[in-house]
Amino acid sequence: MSYDIQRLLDNPDVMGRVNIPAGEYEGRFTVRKSCTINGGGSVLWGAAGPVLIIEAENVVVNDLKMELTHDSIPDEQHISVYCCHPDTRFGNVEVNGAVLGIPGEEQYWGIPKMLSLGKLAAERQETFEMEIYSPVEAELKCEIHDISLSRNFLAAGSNTVSLTVGRIRSGSLLHGNILLVSAAGITRKIYVTGSMTGEDAPSPENYLLYSADREAPEKYKKMIDQLDISRITAMPEPVRETEEMSIKLEEINEYKSSPEPEPREEVIEIFTAKRVPLAPVQYRIEFGYTLSRAKPDIDGYLFMLKDNGRVADNTGMIFFGNDHSPCGSVRYLNAPDKRAMFVDLDSVPSYINHMIMFFSIYGNDPSLLFDAVEDGEISILSVNGVRMRLRLEKHMCCRTILACGFERTDGVWELVPAGKAIAMPMAEICKSYGVTVS
């Protein structure tokens with residue numbers, strides 16, 4: 001069910017409340033009446049800001065996230081909330097852009113969007129540093145198990161924070177958030193990712209993960225002083241160009257053969273009972289086997305699902321007949337010698353939080369089944385060289401396999417390994433996800 005969020009904001013109830021139903025909503029939204037907005041954890045998003053403009057006095061915003069989804073926008077459009085009155089109050093509000101109109105909050109925040117620790121040696125403690133800038137005092141929280149911070153409070157101005165990674169076993173993946181929470185009730189987030197490899201891995205080359213621009217606070221203040229909100233709101237939203245994708249359509253079409261990954265890549269065995277957190281990078285998913293007593297034509301199918309569990313339209317099913325999603329975040333390579341699905345998690349639209357992938361034998365020959373292959377496996381290779389491998393059971397007498405799922409919760413993607421035989425024909429699976437099959 002869709003909701004007209006602007007209409008809800010324009011019509012608070014008799015108690016002056018606006019209750020936003022759970023979900024993700026693309027905006028720019030404007031609050032023109034005094035009210036208390038209860039977001040219930042919902043997300044308001046836009047390619048560029050401001051996402052929410054608060055024109056009224058005495059407005060309270062609770063339990064809401066506001067996201068800017070485009071990576072390349074100027075500072076003057078990198079605005080989550082614009083407040084016309086400084087009496088606006090917030091409670092548990094998360095942003096990834098500026099909050100203008102609230103004293104202190106509107107100044108420069110020198111924090112990274114993501115920190116990549118890379119590959120670290122297992123069972124060895126490492127300490128990194130980041131130099132960040134906070135215009136106001138803020139609480140610092142780490143939600144990542146086995147990572148500790150040197151401080152839990154930031155002073156206004158420049159701060160040096162040490163991150164210590166404990167002794168973690170090989171094959172573990174690090175992921176999670178560092179939160180900066182200001183006294184105004186506004187939260188900003190730093191996503192941290194990394195992986196643990198062999199104990200003999202070399203030490204990192206650079207222990208300084210991030211350093212804020214020391215001249216940026218003054219430059220940013222001048223930009224804010226000259227800001228014309230009416231001009232900004234009239235600017236068109238940016239369009240993500242195909243050229244920005246790390247895997248371009250023309251490159252895929254020109255593909256002939258690809259060298260195998262270098263032998264030093266790290267291989268991690270994954271299992272159906274355990275979810276795997278994923279970094280927001282690009283992955284290549286393939287079906288592999290060593291021997292076959294037949295020559296099955298195996299194709300991949302990926303469904304990009306809305307919260308109702310169905311595709312928005314037929315373009316939400318990516319396969320050999322529709323080899324890329326409209327947003328460009330998912331692409332299917334259908335070359336003579338290789339077939340693979342490329343998924344760029346950082347580019348998946350915010351309204352897609354669930355994706356399902358299948359492998360199916362093409363054609364109508366009932367004798368061709370997955371039991372014809374030996375040593376079948378599903379391979380998920382990330383751009384940082386980590387390959388996850390899900391080994392399949394032997395003698396799978398089926399024509400379709402549910403390979404895996406991708407689920408996003410609170411902005412973090414997880415891989416849901418499956419590798420299960422599916423008795424339902426591929427055409428019926430398509431219909432179940434809302435794809436029109438002729």
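The following questions and answers go through a predicted model of one protein. Residues are numbered from 1 along each chain as its sequence is written, and side-chain values use heavy atoms, with hydrogens and water left out. Local features need pLDDT of at least 70 and side-chain atom pairs count only at pLDDT 80 or more, whereas totals for chains, interfaces and linings use all residues.

Reader: What is the mean pLDDT of the protein?
Author: The pLDDT is the predictor's confidence in each residue, from 0 to 100. Over residues 240-264 the pLDDT is below 50, although 89% of the residues of the protein reach 70 or more. The mean pLDDT of the protein is 83.

Reader: How many helices and strands does the secondary structure of the protein come to?
Author: Helices (H or I, at least four residues) and strands (E, at least two) are taken as DSSP runs, numbered from the N terminus. Counted in this way, the secondary structure of the protein comes to 5 helices and 32 strands.

Reader: Is Ser-162 buried or exposed?
Author: A residue is buried under 20% relative accessible area, exposed over 50% and partly exposed in between, with a 1.4 Å probe and protein chains only. Ser-162 lies in strand β15, residues 157-165, and its contacts (heavy atoms within 4.5 Å), leaving aside neighbours within four places in sequence, include Phe-128 and Leu-149. Because its relative accessibility is 17%, Ser-162 counts as buried.

Reader: Which residues does Arg-214 touch, not counting those up to four places away in sequence?
Author: Arg-214 is found in the loop between β18 (208-211) and α2 (216-225), and with a relative accessible area of 67% it is exposed. Its C-alpha is 9.9 Å from that of Gly-157, a residue 57 positions away in sequence. Beyond the residues up to four places away, Arg-214 touches Glu-131 and Ser-158.

Reader: What is the volume of the largest cavity?
Author: On a 1 Å grid over the protein atoms alone, a cavity is a set of points where a 1.4 Å probe fits but cannot get out, and lining residues have an atom within 4 Å of a point. Grid points are joined across faces, edges and corners, and a volume is the space filled by probe spheres set on the points. By this rule there are 2 cavities of 30 Å³ or more, and the largest cavity has a volume of about 140 Å³.

Reader: Which of the residues that line the largest cavity are the closest to its centre?
Author: The elements that give two or more residues to this lining are β16 (173-182), β17 (186-197), β20 (276-278) and β30 (386-391). Of the 14 residues that line the largest cavity, the closest to its centre are Leu-173, Pro-277, Ala-279, Tyr-283 and Asn-384.

Terms used: On a 1 Å grid over the protein atoms alone, a cavity is a set of points where a 1.4 Å probe fits but cannot get out, and a pocket is an open set with protein on both sides within 12 Å along at least five of seven lines; lining residues have an atom within 4 Å of a point.
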